[in-house]
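Please keep the model open beside you as we go.

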Amino acid sequence: MKKLLLLVIVSISLTSCGVALKVPTAVTNGNPHNYTYVYVIPTAAVTSSSGVYDGYGGVTKTISPSEVISGYLMQKGYTPIPSVTDDLADKTLIVSYGYTGRRPLGWFAYASCIIIQMRDAKTHQMVASCESEGCGSDETDDILQAIHNGLNTIFAK
């Protein structure tokens, strides 16, 4: 019985998230540091729940990817604006977020995959783009991790 339990523990640890995530990829066609303002396209919230156990409610968490991206960019010195205006367009990045699905990592784990694009507000040319994935304790953690992994990759260049 102890050997079976040990086998299960080892199997679960080998299928954990930290080992199998793909390295985030970023493409930069310009310099995101040349911009002062960002318009982050609003996104729907992502909610995850740990479920219900024995009649007691589990933990429910919600994040908004656009708010996470805005906060990250504010820490980098950008000023978020509520809409793109003609007078600021040449100094503004339009940032969009997309969820591209899940990728199985093992029996009990999966990675959530995302893409973030930054476009020049005046020319609509791609300035930077990243694809990344995250794996946490639930989907909100996955997406939070993926956003940070992707943006860190863009700004590491």
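Cys 113 has a relative accessibility of 14%, so this residue counts as buried, a label given to anything under 20% relative accessible area, with exposed meaning over 50% and partly exposed in between (1.4 Å probe, protein chains only). Cys 130 counts as buried too, because its relative accessibility is 1%. How many disulfides does the model contain? The count is zero, where a disulfide is taken as a pair of cysteine sulfur atoms within 2.5 Å.

A word on what you are looking at: this is a predicted model, in which local features need pLDDT of at least 70 and side-chain atom pairs count only at pLDDT 80 or more, while totals for chains, interfaces and linings use all residues. Residues are numbered from 1 along each chain as its sequence is written, and side-chain values use heavy atoms, with hydrogens and water left out.

Now to the confidence, given by pLDDT, the predictor's score for each residue from 0 to 100. The protein chain has a mean pLDDT of 86, and 82% of its residues reach 70 or more. Helix α1 (residues 2–14) has the lowest confidence, with a mean of 46, whereas β2 has the highest, at 98. Over residues 4–15 the pLDDT falls below 50, and this stretch has six contacts in the model beyond near neighbours in sequence; contact here means heavy atoms within 4.5 Å. Where pLDDT is low, the predicted coordinates should not be read in detail.

Next, trace the sheet. Helices (H or I, at least four residues) and strands (E, at least two) are DSSP runs numbered from the N terminus, and two strands pair if DSSP finds at least two bridges between them. Six strands make an open sheet with mixed pairing, in the order β1-β10-β9-β8-β2-β7. At its edges lie β1 (25–28) and β7 (79–80), each pairing on one side only. Start at β1, which is antiparallel to β10 over four bridges; here Thr 28 stands opposite Ala 128 in β10. Further along, β8 and β9 are antiparallel over eleven bridges and form a hairpin with five residues between them. Within this pair, Ile 94 stands opposite Arg 119 in β9. By contrast, β2 and β8 run parallel over four bridges, with Val 38 opposite Leu 93 in β8.

Leaving aside neighbours within four places in sequence, Glu 139 is in contact with Val 46, Ser 48, Tyr 99, Arg 102, Tyr 110 and Ser 112.

Take Leu 151: apart from neighbours within four places in sequence, Leu 151 is in contact with Ile 69, Tyr 72, Ile 116, Met 118 and Cys 130.
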